[in-house]
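These are my notebook entries on one protein chain. I record what I looked up, topic by topic.

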Amino acid sequence: DDTKQAAARRRAGSAGEKSPSKLDFQLIAAIITMLLLGLFMVFSASFPSTGTTIFLKQVRLVALGVAACIVVTVIPYTWWQKLALPVMLVTLFGLAAVLVVGVARHGGIRHLSNGSGQPSEIAKIGLAIYVAAWAAVRGKKLATLSDGLAPFLFILGAVASLIALERSFSVTIIILVIGLTVYFVAGGNVKQISGALLIGAPLLL
């Protein structure tokens, strides 16, 4: 009997892994609302001077982003976990390369030598993937200072510091917000996060 029950549990587990996850329609509605609001703001701001040129370009980018989002949703999360470390290493290498062979534009060094690549944009995705995978491995230890906040701040600080050296303050803030958001959602201690913000905020001024 125990053997049959164990086999039944394995079959149920396998079926659960193969079945598609339920969609979060509230989240989808919020994203669609923000996209439409953003498109409206772009249209209203650019139409008097450039007509629909910038607006149509933004519409194409939104369509590309939605297509990419659909593709990502069907990829198993375990695949992203396996790619987390390589993605982070590539991110750090790209950010460091900009400081060595980057091209200065608009007061900052954000592009690679040919001017076509901007690693700080890749860092936004790379950091989110890595922190999410790292937090999943930590589990309940994430709420502790030694195994949670301290190593997280080291990871976040490494990425944010490289971007700050590129003199890109706005992207540095975005990176910090992305990292802290993922860490909080994963189960980070609210008091520890608040303390880190109180200590770190003056350093950004």
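What pLDDT does the protein chain average, and what share of the residues score at least 70? I noted an average of 81 for the protein chain, with 82% of the residues at 70 or above; pLDDT is the predictor's confidence in each residue, from 0 to 100.

**Entry 1: basis.** I recorded that this is a predicted model, in which local features need pLDDT of at least 70 and side-chain atom pairs count only at pLDDT 80 or more, while totals for chains, interfaces and linings use all residues. Residues are numbered from 1 along each chain as its sequence is written, and side-chain values use heavy atoms, with hydrogens and water left out.

**Entry 2: confidence.** A contact means heavy atoms within 4.5 Å. Where pLDDT is low, the predicted coordinates should not be read in detail.

**Entry 3: elements.** I listed eight helices and two strands in the protein chain. Their order from the N terminus is α-α-α-α-β-β-α-α-α-α. Helices (H or I, at least four residues) and strands (E, at least two) are DSSP runs, numbered from the N terminus.

**Entry 4: helices 2 and 3.** I looked up the axes of helix 2 (residues 25-50) and helix 3, which come within 7 Å and cross at roughly 155 degrees. Helix 2 is therefore roughly antiparallel to helix 3, a label for angles over 145 degrees, where under 35 counts as roughly parallel, 65 to 115 as roughly perpendicular and the rest as oblique. Axes are lines fitted to C-alpha atoms, for helices over the stretch in contact, and angles run from 0 to 180 degrees between N-to-C directions. Among the residues that meet are Leu35, Leu39 and Phe43 in helix 2 and Ile54, Phe55 and Val62 in helix 3.

**Entry 5: the core.** Which residues of the largest nonpolar core touch the most other members? I found Leu127, Trp134, Phe152, Val159 and Ile175, in a core of 26 residues. Helix 4 (77-101), helix 5 (119-138), helix 6 (145-165) and helix 7 (169-186) each supply at least two residues of this core. A nonpolar core is a set of buried Ala, Val, Leu, Ile, Met, Phe, Trp, Tyr and Cys residues joined through side-chain atoms within 4.5 Å. Buried means under 20% relative accessible area, exposed over 50%, and partly exposed in between (1.4 Å probe, protein chains only). Leaving out residues up to four places away in sequence, Leu127 touches Met88, Ile155, Leu156, Val159, Ile175 and Gly179.

**Entry 6: helix 6 and its ends.** I noted that the buried residues of helix 6 include Phe152, Ile155, Leu156 and Val159. Thr144 caps the N-terminal end of helix 6, with a side-chain oxygen 3.3 Å from the backbone nitrogen of Asp147. Just after helix 6, Arg167 has a positive phi of about 60 degrees.

**Entry 7: single residues.** Is Thr172 buried or exposed? Thr172, in helix 7, counts as buried because its relative accessibility is 6%. Beyond four places in sequence, Thr172 touches Ala160, Ile163 and Ala164. Gln192 is in helix 8 (residues 190-204), and its side chain reaches the backbone oxygen of Ala143 at 3.1 Å. I found Leu83 in helix 4; at 28% relative accessibility, Leu83 counts as partly exposed.

Conventions. Polar contact = N/O pair within 3.5 Å; in protein donor to acceptor, adjacent residues only side chain to side chain.
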